[in-house]
Amino acid sequence: VTYAGRDERTNAPLPPAVPVGELLDQIARTARGPGGGDVRAHVVTDHPLQPFDPRAFTPAALSGPGPWSFDPVALEGARALTGPRAPRAPFLAGPLGPWTPEVVELALLERFVQAPVAAFLRERLGVRADAPDPEAADALPLELDPLGRYGVGMRMLEGRLAGVPADACRAAEVARGLVPPGGLADAQLAEIAVSVEWLWSQAVALGVDGAWRPAPAEVDVVLPGGRRLVGVVPGVVEDVVCSVSFARVTPKRRLVAWVRLLALTATHPGRPLSALTLGRLRPAGPRGRTLTRARLRPPEGDAAARRAWAATHLGALVDLLERGMREPLPLVTATSAWLATGHPGRARSDFEGGWESPGERDEPAHALVLGDGATLDDLLGEPPRGDEAWGPPGASRAEALAARLWEGLLAHESMDHA
């Protein structure tokens, strides 16, 4: 008796057909396995998905005293899987040629600071290392997953910032059909609405008077060395580069705010500019607090001094971008933030992940370049190049690059929780 026990595409377990399931239940009620255990474990054989799986050629591994398969081609595949393997070759034999455009787009610099390795793969190699698309749901949702909660919360927050009443925002989410039906959505929407209203009220207290009217601002900066940085900074409210989101205040959001503030300050040094990033608190944040505010302000001084300050820091970031467009750097955003602040334990946790959630090493771009199962020690194993004398003495290349990326932001950022 056979049945399809695994999905042929994802290898996810599948339940047996109803008659087979009833047969197995009857067997379990009739007999017991050795030692009194469930007999189903001894009468059901879980065959591998691939024909070259080594278990198919291991005597007594599947069924009977001998091997299950007799396919000589698949046998060679099984031997290749179990035989000795050569050490993993580097992703690149060496850096690519120079990357020296006369004009650098602000959007590219923002993408780079958020994901340096993915930016290299996309811009220099034309490779998009994206996560696979999730399968379309074939059932009504009973509970929102984290991504669904974020989508609902972000749309409701954008509506409130635009002056839409809370009840109308909530009704719009119900009408979309993306939340659980009927009363199943009430408790979840109510919980999300509490966070939305708190974020909205804090935004209002910081100058948003019920009608969110951010305006884009163009930037055009001549950097040290003669390159130009051009683009548009969105979300400017008066003289504040605002980012109000239902998401958490992550290292990526903080770096984007830093890049935008520098670009805008270098273009308009006479304006009293600052940046504000507002979002929900991380789960490990202070108890009794639900919100994080990160602020960035240029140093005091006249317009010429502020322009020079911004251009210097932008030059450092563009220098990192140029290095990152020649090779995949050992620079991983959240991990680098912990390395730059001297928290190697937190860096290891963010990079390697755990049983509850994957780490940054599991992101498709990092898995492609570093290999599956890379550890923080692998990331820290490369020494800095001769012109990368950043960070503390004896720092690895990853630590030196982290210091280069974060030192300016950390010196001008203040963060609090409410």
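**Figure 1. Surroundings of L229 in the predicted model.** In this predicted model, L229 touches V104, E105, L106, L109, V219, D220, V221, L223, A263 and L314, with residues up to four places away in sequence not counted. L229 also belongs to the largest nonpolar core, a set of 50 residues. Those with the most contacts inside this core are L109, F112, L229, L264, L314, L321 and L405. Two or more core residues are contributed by each of α4 (106-114), α5 (116-125), β2 (215-222), β3 (228-237), α9, α10 (303-324), α13 (364-370) and α15 (397-412). The largest share, nine residues, comes from α9. A second, separate core of 19 residues includes V179, A193, V244 and L278. In soluble globular proteins, nonpolar side chains tend to be buried together.

Figure 2. On one side, β4 and β5 pair in the parallel sense over six bridges, with V244 opposite L278 in β5. The chain passes from β4 to β5 through helix α9 (residues 251-267), and this β-α-β crossover is right-handed. The pairing of β5 with β6 is antiparallel, likewise described by six bridges, and A275 stands opposite L296 in β6.

Figure 3. Helix α8 comprises 20 residues (186-205); at 1.5 Å a residue it should span 28 Å, and its end C-alpha atoms are 28 Å apart, which agrees. The buried residues of α8 are Q188, L189, I192, A193, V196, L199, Q202 and A203. An α-helix has 3.6 residues a turn, so residues three or four places apart point the same way. The buried residues of α8 pack against the helices α6 (146-161) and α7 (166-176) and against β4 (240-248), β5 (274-280) and β6 (291-296). One of these buried residues, A193, is included in the second core together with V179, V244 and L278.

**Figure 4. Two residues with positive phi.** Most residues other than glycine have a negative phi. A60, although not a glycine, has a positive phi of about 65°; A60 lies in the loop between α2 (40-43) and α3 (72-82). E238 also has a positive phi, near 55°, and is placed in the loop between β3 and β4. With a relative accessible area of 71%, E238 is exposed.

Figure 5. The model contains 28 salt bridges. In one of them, the side chains of R6 and D46 meet at 3.1 Å, N to O. R6 lies in the segment before α1 (18-30) and D46 in the loop between α2 and α3, 40 residues apart. R6 is partly exposed at a relative accessible area of 31%, and D46 is partly exposed at 41%. A further salt bridge joins the side chains of D416 and R293 at 2.8 Å, N to O. This pair connects strand β7 (residues 413-417), which holds D416, with strand β6, which holds R293, across 123 residues. D416 is partly exposed, with a relative accessible area of 26%, whereas R293, at 13%, counts as buried.

Figure 6. The side chains of R385 and E382 form a salt bridge of 3.2 Å, N to O. R385 counts as partly exposed at 32% relative accessibility, and E382 counts as partly exposed at 27%. Through salt bridges that share partners, D319, R323, E327, E382, R385, D387, E388, R397 and R404 are joined into one network.

Technical notes
Residues numbered from 1 in each chain as written. Predicted model: local features only at pLDDT ≥ 70, side-chain atom pairs only at ≥ 80, totals over all residues. Heavy atoms only, no water. Helix = DSSP H or I, 4+ residues; strand = E, 2+ residues; numbered from the N terminus. Expected span 1.5 Å × (residues − 1). Buried < 20%, exposed > 50% of the residue type's maximum accessible area, 1.4 Å probe, protein only. Contact = heavy atoms within 4.5 Å. Pairing = 2+ DSSP bridges. Right-handed = clockwise from strand over helix to strand, strands pointing away. Core = buried A, V, L, I, M, F, W, Y, C linked by side-chain atoms within 4.5 Å. Salt bridge = Lys/Arg side-chain N within 4 Å of Asp/Glu carboxyl O.
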